[in-house]
Amino acid sequence: MKEPLVPVVPMSHTAHIRSHRKPRRSATSSIALRAGVAGGVLSMAAAGASASANAAEPVTQTIELPTLTADMSAQVAQSAAATQQAAANYELRAERDAAAAKAAAEAKKDLAEAKKKAEAKKKAAEAARKAAAERATRSADRATLSASASASASTSVSAPSSGSVATVIAFLKAQVGDAYVMGATGPNAWDCSSLVQAAYKQVGVDLPRVSQDQSMAGTDVPLSDVQVGDILYWGGKGSAYHVGVYIGDGQYLDAANPSKGVVIQDLSGYPASGAVRVL
């Protein structure tokens with residue numbers, strides 16, 4: 001059986017030149033069909049037309065690339081600007097927080113310093129008040145003591161009874177070893193005049209409280225004629241600064257000073273200025 005003949009359409013002598021051909025989208029399938037029958041020339045023409053059609057597509061796809069690139073650049077710039085602004089805001093906030101913290105610390109320090117100064121001022125005022133009160137008390141005590149001493153000095157000493165001297169000396173010796181404390185009046189601590197006053201009080205003789213006035217009591221006695229029980233004084237008469245009692249054998253008993261307390265001492269080691277007799 002013979003194959004049916006397919007009519008062949010004559011082609012131009014310039015059809016094989018690519019620039020003289022005008023590709024048609026609608027004729028592609030007919031050209032391909034003819035190529036299968038007629039041979040390689042038509043097949044090449046169809047392939048060229050297809051390639052031309054495909055080559056045109058990339059051109060239309062890259063048209064929008066510049067626009068996309070510009071948009072992306074704008075977005076990146078905006079994002080960078082926003083990031084920079086956020087960083088600036090964070091930095092400003094950090095600076096404000098640091099300044100606030102510094103101000104709070106300085107305020108706390110100033111408050112503590114103010115409290116410290118106020119406390120020191122309060123303590124100084126309290127110390128000044130106490131000192132003033134102590135001065136006032138001492139002044140009042142001196143005034144009272146002076147008035148009492150003056151009154152006592154003008155009073156005559158009563159006459160002692162028999163055995164009074166022994167009683168005075170026994171009392172004095174019983175205090176040996178006691179402490180010396182300025183202003184103390186016994187029973188375990190004395191100053192020089194309080195001890196003498198307490199000793200003579202045992203026999204009913206009221207002496208003034210201070211050494212200056214005790215040197216004025218009774219009758220003056222020469223130191224060469226001093227007897228047991230006489231009061232010895234050091235300093236001027238009426239301005240004596242220390243007193244003791246003669247106990248015989250060149251010795252006297254007194255509340256000497258804070259380091260010695262009440263002791264018995266030799267008169268030769270610390271000669272008296274004068275003596276008075278009240279018994």
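Helices (H or I, at least four residues) and strands (E, at least two) are, in this talk, DSSP runs numbered from the N terminus. Good morning. The structure is a predicted model, in which local features need pLDDT of at least 70, side-chain atom pairs count only at pLDDT 80 or more, and totals for chains, interfaces and linings use all residues. Residues are numbered from 1 along each chain as its sequence is written, and side-chain values use heavy atoms, with hydrogens and water left out.

Let me begin with one residue. Asp206 sits in the loop between helix H5 (192-201) and helix H6 (211-214). Is Asp206 buried or exposed? Buried means under 20% relative accessible area, exposed means over 50%, and partly exposed lies in between, using a 1.4 Å probe and protein chains only. Asp206 has 61% relative accessibility and therefore counts as exposed.

I turn now to the sheet. Two strands are said to pair if DSSP finds at least two bridges between them. Six strands make up an open, antiparallel sheet, in the order S3-S8-S4-S5-S6-S7. Strand S3 (219-221) and strand S7 (261-266) are at the edges; each has a single partner strand, so one side of each lacks a neighbour in the sheet. From one strand to the next, the twist averages 35°. Strand S6 (residues 251-257) pairs with S7 in the antiparallel sense over six bridges, and Asn257 stands opposite Gly261 in S7.

Contact means heavy atoms within 4.5 Å. Axes are lines fitted to C-alpha atoms, for helices over the stretch in contact, and angles run from 0 to 180 degrees between N-to-C directions. Helix H4 (residues 164-174) lies across strand S5 (242-248) and S6, at about 115° to S5. H5 packs on the sheet as well, touching strand S4 (231-234), S5, S6 and S7, and its direction makes about 50° with that of S5. Why is H5 described as largely enclosed by the rest of the structure? The reason is that eight of its ten residues are buried. Among them are Cys192, Leu195, Val196 and Tyr200.

This leads to the interior. A nonpolar core is a set of buried Ala, Val, Leu, Ile, Met, Phe, Trp, Tyr and Cys residues joined through side-chain atoms within 4.5 Å. The largest such core has 27 residues, and those touching the most other members include Leu172, Trp190, Leu195 and Ile231. H4, H5, S4, S5 and S6 each give two or more residues to this core, and H5 provides the largest share, six residues. A second, separate core has nine residues, including Leu232 and Tyr246.

Finally, the aromatic rings. Rings of Phe, Tyr and Trp (its six-membered ring) pair if their centres lie within 6.5 Å; planes under 30 degrees apart count as stacked, over 60 as edge-to-face and the rest as tilted. The whole structure holds three aromatic pairs. Phe171 and Trp190 have ring centres 6.2 Å apart and planes at 80°, so this pair is edge-to-face. Phe171 belongs to helix H4 and Trp190 to strand S2 (residues 189-190), 19 residues apart; both are buried. Trp234 and Tyr270 are stacked, 5.2 Å centre to centre, with 15° between the planes. Trp234 is buried at 1% relative accessible area, whereas Tyr270 is partly exposed at 34%. Ring pairs join Trp234, Tyr252 and Tyr270 into a cluster. Thank you for your attention.
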